[in-house]
Amino acid sequence: MTNRNKSTSTLRLKQDYLRLKRDPVPYITAEPLPQNILEWHYVVKGPEESPYFGGYYHGTLVFPREFPFKPPSIYMLTPNGRFKTNTRLCLSISDFHPDTWNPAWSVGTILTGLLSFMLESTPTLGSTETSAYERKEYAKKSLSFNLKNDTFRELFPDICTEIQEKLLQRNSVNASANGQTNSTETDATNESSAGYRLNSDAGSTWQSLCSNLIVLAGFAVFAFIVNHVIKNLNNE
């Protein structure tokens, strides 16, 4: 590598970085490694009305020293249901297709293209087939998954705070839902117990009434017999 190539790629990537800070791209955040400007990490937020909504997808762009005259390698690190993780993705904006690469494309353009491919269903090398339900499940799991990555936490502290707040909200909602379920179960148990007590009390009352009737009937029979005996004695 010549110094000229190094200075050209570094200058261009610095310009792209300043452009991204000045004019952010929707759903996308990107940061180069402090010790290596040729390796960028990005985060794509799942757009509304897509199975990725609520998800945060972390990946890397690895630029050649000949950038912008050669395209970068693109990787996805967060499980997502569309692209395989830790695999070079075959896209028209990646190093798999240098013939379609345009040196005018910036980091923002590359990541916008990546998001566009993500929202499509066209198969390519590095893509995978999953259902919309599975992608929604990946979106839910992506929050805690990303927080385990040291580089993610170092480069995206604001997003980490955002994710932690969302996780707290989710846990609060789940706890509230579980509390309502437990309350309903408790009410049902109480109602069942009350019903059992009523049935038990009713049974006890019926048993008592039957016993009294049997006693009364016994007295009536005894009185009839005694009366009959007395009449017979009088007739004699």
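**Salt bridges and a buried serine**

Biologist: How many salt bridges does a search of the whole structure find?

Modeller: This is a predicted model, in which local features need pLDDT of at least 70 and side-chain atom pairs count only at pLDDT 80 or more, while totals for chains, interfaces and linings use all residues. Residues are numbered from 1 along each chain as its sequence is written, and side-chain values use heavy atoms, with hydrogens and water left out. A salt bridge is a side-chain nitrogen of Lys or Arg within 4 Å of a carboxyl oxygen of Asp or Glu, and the number that the search of the whole structure finds is seven.

Biologist: Which strand holds lysine 45, the partner of glutamate 162?

Modeller: Glutamate 162 and lysine 45 form a salt bridge in which the closest N and O atoms are 3.0 Å apart. This pair links distant parts of the chain, 117 residues apart, with glutamate 162 in helix α5 (residues 157-235) and lysine 45 in strand β2 (residues 36-45). Helices (H or I, at least four residues) and strands (E, at least two) are DSSP runs, numbered from the N terminus, and the strand asked for is β2.

Biologist: Is serine 94 buried or exposed?

Modeller: Serine 94 is found in the loop between β4 (73-76) and α2 (107-119). Buried means under 20% relative accessible area, exposed over 50%, and partly exposed in between (1.4 Å probe, protein chains only). Because its relative accessibility is 0%, serine 94 counts as buried.
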